[in-house]
Amino acid sequence: MTVDEEATRVVLNRLRRAQGQLTAVIAMIEAGRDCKDVVTQLAAVSRALDRAGFKIVASGMRQCMATADGDTPPLTEAELEKLFLSLA
């Protein structure tokens with residue numbers, strides 16, 4: 001099972017955003033910026049990564065519910081739950 005094209009586009013955008021935000025965090029730390037500013041920016045990185053992960057899981061759920069044929073068996077409810085919990 002793969003991530004569909006639309007989800008892939010969204011996930012890549014979110015990951016690129018997180019990458020840019022992480023670069024900013026590193027620069028802030030190297031420049032000796034205030035801890036509050038660093039933590040705030042780091043929280044933004046975390047949200048971007050979480051949103052990318054949730055998009056991947058949602059795409060997988062949609063495919064799992066929509067198709068039951070093919071070489072790969074559909075994900076079970078337990079597997080979907082495990083995917084969601086792994087993002088927590």
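Guide: Glu6 and Arg9 are joined by a salt bridge, with their closest N and O atoms 2.5 Å apart. This is a predicted model, in which local features need pLDDT of at least 70 and side-chain atom pairs count only at pLDDT 80 or more, while totals for chains, interfaces and linings use all residues. Residues are numbered from 1 along each chain as its sequence is written, and side-chain values use heavy atoms, with hydrogens and water left out.

Visitor: Why is the pair Glu6 and Arg9 called a salt bridge?

Guide: The term requires a side-chain nitrogen of Lys or Arg within 4 Å of a carboxyl oxygen of Asp or Glu; the closest N and O atoms of Glu6 and Arg9 are 2.5 Å apart, so the pair qualifies. Both residues lie in helix H1, three residues apart, about one turn of the helix; helices here are DSSP runs of H or I with at least four residues, numbered from the N terminus.

Visitor: What makes Glu6 and Arg9 partly exposed?

Guide: Buried means under 20% relative accessible area and exposed over 50%, with partly exposed in between, using a 1.4 Å probe and protein chains only. Glu6 has a relative accessible area of 44%, and Arg9 is likewise at 44%, so both residues fall in the partly exposed range.

Visitor: How many salt bridges does the structure hold, and how do you know that Asp37 and Arg33 form one?

Guide: The structure holds two. In the pair of Asp37 and Arg33, the closest N and O atoms are 3.4 Å apart, which is within the limit and therefore counts as a salt bridge. Asp37, at 31%, is partly exposed, as is Arg33, at 45% relative accessibility.

Visitor: Why is Gln21 called buried?

Guide: Gln21 has 16% relative accessibility, which is under the buried limit, and therefore Gln21 is classed as buried. Gln21 is placed in helix H1, and, with residues up to four places away in sequence not counted, its contacts are Gln41, Ala44, Val45 and Ala48.

Methods:
Helices (H or I, at least four residues) and strands (E, at least two) are DSSP runs, numbered from the N terminus. Contact means heavy atoms within 4.5 Å.
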